Amino acid sequence: MASREEIKRVIKDIRNRRNKWVLSRRPKNMATLANLAIQETLALDIIYNKTSWQDFISGQKQMTTQDPFQEISGCSD
């Protein structure tokens with residue numbers, strides 16, 4: 001099992017390569033972007049901002065909103 005520090009290093013490495021991230025052109029990915037009415041850059045920015053270390057062994061993070069999409073994207077009506 002990887003240590004907390006090893007996992008944090010891997011996450012930091014992934015985040016450091018953000019400028020190389022691309023979304024595959026699979027139909028379901030393109031359909032998701034169209035359904036959400038967002039550009040690829042925004043989708044990848046959301047992933048970047050949400051990629052972090054979370055200690056689920058201590059218990060799952062409580063949702064702060066009723067809308068799961070809002071929780072993930074940070075968007076509100």
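A salt bridge is counted here when a side-chain nitrogen of Lys or Arg lies within 4 Å of a carboxyl oxygen of Asp or Glu. I keep that cut-off in view throughout these entries, and I note that the model is predicted.

**Entry 1: the chain as a whole**

I began with the secondary structure and found 4 helices and 0 strands. Read from the N terminus, the elements follow the order α-α-α-α. I then looked up burial: the chain has 77 residues, and 16% of them count as buried. The accessible surface amounts to about 6,500 Å², and carbon and sulfur atoms account for 54% of that surface. I also looked up how far contacts reach along the sequence. Taking contacts between residues at least 6 apart, I found that 44% join residues at least 24 apart.

**Entry 2: salt bridges**

How many salt bridges does a search of the whole structure find? The search returns 3.

I looked up D13 and R17 first. Their side chains meet in a salt bridge, with 2.9 Å from N to O. D13 is partly exposed at a relative accessible area of 39%, and R17 is partly exposed at 38%.

I turned next to D45 and R18, whose side chains form a salt bridge of 2.9 Å, N to O. D45 belongs to helix α3 (residues 40–50) and R18 to the loop between α1 (4–16) and α2, so this pair ties together parts 27 residues apart in sequence. D45 is partly exposed, with a relative accessible area of 30%. R18 has 18%, and it counts as buried because that value is under 20%.

I then examined E40 and R25, which form a salt bridge with their closest N and O atoms 2.9 Å apart. E40 sits in helix α3 and R25 in the loop between α1 and α2, so the pair ties together parts that are 15 residues apart in sequence.

**Entry 3: N29**

Which residues does N29 touch once its neighbours within four places in sequence are left aside? I recorded contacts with L23 and S24. With S24 there is also a polar contact: the side chains of N29 and S24 are joined at 2.7 Å.

How values were computed. Residues numbered from 1 in each chain as written. Predicted model: local features only at pLDDT ≥ 70, side-chain atom pairs only at ≥ 80, totals over all residues. Heavy atoms only, no water. Polar contact = N/O pair within 3.5 Å; in protein donor to acceptor, adjacent residues only side chain to side chain. Contact = heavy atoms within 4.5 Å. Buried < 20%, exposed > 50% of the residue type's maximum accessible area, 1.4 Å probe, protein only. Helix = DSSP H or I, 4+ residues; strand = E, 2+ residues; numbered from the N terminus. Areas by Shrake-Rupley, 256 points an atom, 1.4 Å probe, with all protein chains shown as cover.
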